[in-house]
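Please look at the sequence and the model first.

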Amino acid sequence: MALTIKFLTNIRGFLKALDGQSLCNWLKVEPPVPQEYLDLAAELRNGYRNASAIERLVENCLPEEEEIPEGQGTAWPGFNAFMKDYFEYWREVDFDDFLGAHQLLTALTKPLQADRKGSSCTTALNNPTYGTVMLQTSISLCSSLSKLSMTLNKRPDLTKNLAALHAGEEDQKSIVEITAEVIQKFFTTCLTDRSGPPLSKPAGKKVGVYIFANVTLKLLFTCRKSHLAKQLFTNMTAKSAPLSFYPAAQRVTYLYYLGRFHFINNHFARASQCLQEAYLQTPVHFQKHRRLILTYLIPTNLLLGRLPSQALLQRPEAQSIAPIFAQFAQAIRTGNYLIFQHTIETHSTWLFRKGLLLTLTYRLRPLLWRSLSRRTFLLTYIAPTEADSRKAATLELAHLLTTATFVQKRLEGYLPAQPAPVPRGRPPHINTIFLKAVSNSAGSAAPSDSTLAPPPGGPKTLNPDQGLIWGNMPVTAEHVESMVASLAAQGLLHGYIAHSQGRFAIMGAKQKGSAVAAGWPPVAEVLRAAEAESGTGVPGWVKG
């Protein structure tokens, strides 16, 4: 018996038994494969060069039967068309040619177009009676296509000819993006399946919803087209069964990508909920996965004012990222722009690769200004001596301008001036104010009241994102007042600006017990209250 006929005879048995898993195991498309598949490919190349010959072979071996007993299945036109394409794939494939293999596998999975170009794999899956038997096979094909696309994505030497072929096209898409579009068609087929009532335990093709969704999301994030996932999440919210009905691996992967999607779109509270749940549901021994989740969970919480504890940073999965985020936490806690900028510059390559650089560079600045203003208040405020004083505690904006100017100079490379040594047994007529002026002198190039010395070669030229305001732009009183007003509008400072006095007056100090507690409420509490007022939940996360 010819190997092709034997192969199709086994396929017919799987269809009759509605054994989707055995069908999936039989329809292999990637190495390593048993020798029988290589022999099958040789037989197809030698005896079935004509597409019509393959079509006749499939129709003879897989007839569409009538009056099927309950619990059994049969071939159908869509499946036979898929098997024809499958044999053509094995006839033409060369696994040493990655790009050619990808194009053949894409043709095997790509939905039929109006001109009949493409495969009938999704057509076979769409069959309302027997399509479910193709679910495992579809998952396997899409997984193989995804892995091959990711391999090619790392080999521009292999894809440069393909890019040159499509040069000049307005909407030129990468291999990864094309693959994501193909797999998203399978996702849509499963999502729209009507095997059971809404919000019930998934059955039929709906079992594969999150599998196809996760593969699609991985590809979209790889090619940096995460904005294309918006429609996927919208469809999930409208039609998907609750996430809790699906296996833990699918839940964790989906929540991880959903959290990253909300992070990219600056919905940090939503992102935190998704990533936190993904982290909690990941077993402790999966340290690589937990570290990947923490890579986005920790910065998300930093933006929400939740600083990581030492206990968290000392966990095994956090060892490689702890030095980075511990520095960010220290900078936020103390308002130290020097530590913040040094951390950004030292780890900029890693932060950019993870998609964190721009968000952390700009979104953390309000929290740094908040801490800087609090430290300035603690250093400069003198409480009234009268016990019954009704004066409001205030922060002088001029003092904040001084500290901000000091920080700007340090960013430009200025260094603390070394005080002049005080001679022993100085004469009593030496003015102490004069000694202070000498000890604070930064040299002839600096004002006499400066405690900073200019760096050798002059101040450093800063990029726009490296200065306190914009590069080397000096900090002015208007900048300080604008920043304080912005923090107060966001609820990060509690009080009001007395413009005539040039002060920020703190409200509610007696009720809170201290001016610091009243004027600088915890960031996490402020943002949590704002999120609770919105009450929108997390789009894309279907809960039971």
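The text below covers a sheet, the helices packed on it, and a nonpolar core.

This is a predicted model, in which local features need pLDDT of at least 70 and side-chain atom pairs count only at pLDDT 80 or more, while totals for chains, interfaces and linings use all residues. Residues are numbered from 1 along each chain as its sequence is written, and side-chain values use heavy atoms, with hydrogens and water left out.

**The sheet**

An open sheet is formed by 3 strands in the order β1-β5-β4, with antiparallel pairing. Its edge strands, β1 (394-396) and β4 (495-498), each pair on one side only. On average, neighbouring strands of this sheet are turned by 25° against each other, direction ignored. Strands (E, at least two residues) and helices (H or I, at least four) are DSSP runs numbered from the N terminus; two strands pair if DSSP finds at least two bridges between them. Between β4 and β5 (residues 503-506) there are 4 bridges, and Ala498 has Arg503 in β5 as its bridge partner.

Angles run from 0 to 180 degrees between N-to-C directions, with axes fitted to C-alpha atoms, for helices over the stretch in contact.

| Helix | Strands touched | Angle |
|---|---|---|
| α22 (residues 397-411) | β1, β4 and β5 | about 50° with β1 |
| α24 (residues 477-489) | β4 and β5 | about 155° with β4 |

**The core**

The largest nonpolar core has 143 residues. Such a core is a set of buried Ala, Val, Leu, Ile, Met, Phe, Trp, Tyr and Cys residues joined through side-chain atoms within 4.5 Å, buried being under 20% relative accessible area with a 1.4 Å probe, protein chains only. Ile11, Phe79, Met83, Tyr86, Phe87, Met134 and Phe328 touch the most other members. Helix α11 (residues 209-222) gives the largest share of this core, 9 residues. Not counting residues up to four places away in sequence, Ile11 touches Leu23, Trp26, Leu27, Leu62, Phe79 and Met83.

Technical notes: Contact = heavy atoms within 4.5 Å. Buried < 20%, exposed > 50% of the residue type's maximum accessible area, 1.4 Å probe, protein only.
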